[in-house]
Structures are given as C-alpha cells and as structure tokens.
Amino acid sequence: MKLVVAIVQDKDSNRLSNALIKEGFRATKLASTGGFLRAGNTTFMIGTEDERVQEVMQVIRANCKIREQLVTPVSPMGGTTDSYIPFPVEVQVGGAAVFVLPVDRFEHY
C-alpha cells in the first residue's frame with residue numbers, strides 16, 4: 001500500500017477531485033498555502049494499492065496543468081523603497097508536487 005500526497009493549485013482542485021472519484025479513488029483534501037506566491041493550494045492524501053499508483057499519477061497529470069501567471073514581486077525588505085518600482089514578472093504556476101510514501105499499516109474503522 002502507498003500514500004500519494006499531491007499538492008495542487010486551488011484552480012485544479014475541483015477538477016482533480018472529480019476525476020479521482022470517477023476513477024474510484026478516495027482522497028482526503030486539506031487546504032494549504034504555497035510559500036513562494038503565498039497562493040492557495042490543496043493537498044490531496046490518497047491511499048492506494050501499489051499496483052494502482054501509476055493510475056493515480058496519470059489522473060493527477062491529466063488534471064493539474066502548469067500555466068503562466070503575472071505576479072508583482074513584493075518590495076525589498078530593509079532597503080529603501082524610493083527607487084523600487086515593481087514590475088510584473090511571469091512565473092509558472094499550477095501543476096502538482098507529488099510524493100509517494102510507503103504505508104506500513106492501514107486500518108479502517
């Protein structure tokens with residue numbers, strides 16, 4: 001048995017949740033916040049048999065897309081802001097960060 005932990009952007013959360021249900025996977029969703037952009041994320045915890053891990057990965061890959069987004073950087077800390085003019089920067093957001101962990105024991109009550 002494996003525990004698949006997938007951190008996805010909130011924009012992909014509902015689509016991924018629906019796809020997991022459609023494919024017969026049960027997941028626990030947790031609200032989380034990303035560090036770099038301080039944007040909302042959703043963390044999915046999915047327990048599955050070893051032989052279905054690749055199937056879970058395909059569902060995640062198909063429903064969590066990387067996209068470009070313009071963000072305005074925060075002002076420099078400790079420096080003077082008189083000459084600081086923030087220009088929007090294009091960054092990649094979305095996609096998924098996925099961890100697959102072994103499960104030593106699982107019980108359902």
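Colleague: Is F106 buried or exposed?
Modeller: F106 counts as exposed, because its relative accessibility is 53% and the cut-off for exposed is over 50%. Keep in mind that this is a predicted model.

Colleague: Where is F106 found?
Modeller: In the segment after β6.

Colleague: And how far apart are F106 and G47?
Modeller: In sequence they are 59 residues apart, while in space their C-alpha atoms are 9.0 Å apart.

Colleague: OK, now the sheet. In what order do the strands come?
Modeller: The order is β2-β3-β1-β6, four strands in an open sheet, with antiparallel pairing. β2 (27–33) and β6 (96–102) are the edge strands, so to speak the two that pair on one side only.

Colleague: What holds paired strands together in general?
Modeller: Backbone hydrogen bonds: strands of a sheet pair through them, either parallel or antiparallel.

Colleague: How much are neighbouring strands turned against each other here?
Modeller: By 20° on average, with direction ignored.

Colleague: How many bridges join β2 to β3?
Modeller: Seven, with β3 covering residues 40–48. If you want a spot to look at, T28 stands opposite M45 in β3.

Colleague: And how many join β1 to β3?
Modeller: Eight, and those two strands run antiparallel. There you can find V8 opposite T42 of β3. On to β6: seven bridges join β1 to β6, again antiparallel, and V5 stands opposite F99 in β6.

Colleague: Which strands does helix α1 touch?
Modeller: Helix α1, residues 10–22, packs on the sheet and touches β1 (2–9), β2 and β3. The direction of α1 makes about 20° with that of β3.

Colleague: What about helix α2, which strands does that one lie across?
Modeller: Helix α2 (residues 53–63) lies across β1, β3 and β6, and it runs at about 165° to β6.

Colleague: At what angle do the axes of α1 and α2 cross?
Modeller: Roughly 145°, and the axes come within 9 Å. The crossing is right-handed.

Colleague: Which residues make that contact?
Modeller: From α1 you have D12, R15, L16, A19 and L20, and from α2 there are V59, I60 and N63. By class, that gives five nonpolar residues, one polar and two charged.

Colleague: Let's switch to the core. Which residues touch the most other members of the largest nonpolar core?
Modeller: V8, L16, L20, F44, I46, V56 and I60, out of 13 residues in that core. At least two core residues come from each of β1, α1, β3 and α2.

Colleague: One more on α1: is S13 buried or exposed?
Modeller: S13, which lies in helix α1, counts as buried because its relative accessibility is 5%, and the cut-off is under 20%.

Colleague: What does S13 contact, again leaving aside neighbours within four places?
Modeller: V8, K29, T42 and F44.

Note on methods:
Residues are numbered from 1 along each chain as its sequence is written. This is a predicted model: local features need pLDDT of at least 70, side-chain atom pairs count only at pLDDT 80 or more; totals for chains, interfaces and linings use all residues. Side-chain values use heavy atoms; hydrogens and water are left out. Two strands pair if DSSP finds at least two bridges between them. Axes are lines fitted to C-alpha atoms, for helices over the stretch in contact, and angles run from 0 to 180 degrees between N-to-C directions. Contact means heavy atoms within 4.5 Å. A crossing is left-handed if the near helix is turned anticlockwise from the far one by less than a right angle, and right-handed if clockwise. Ala, Val, Leu, Ile, Met, Phe, Trp, Tyr, Cys and Pro count as nonpolar, Asp, Glu, Lys and Arg as charged, and the others, Gly among them, as polar. A nonpolar core is a set of buried Ala, Val, Leu, Ile, Met, Phe, Trp, Tyr and Cys residues joined through side-chain atoms within 4.5 Å. Buried means under 20% relative accessible area, exposed over 50%, partly exposed in between (1.4 Å probe, protein chains only).
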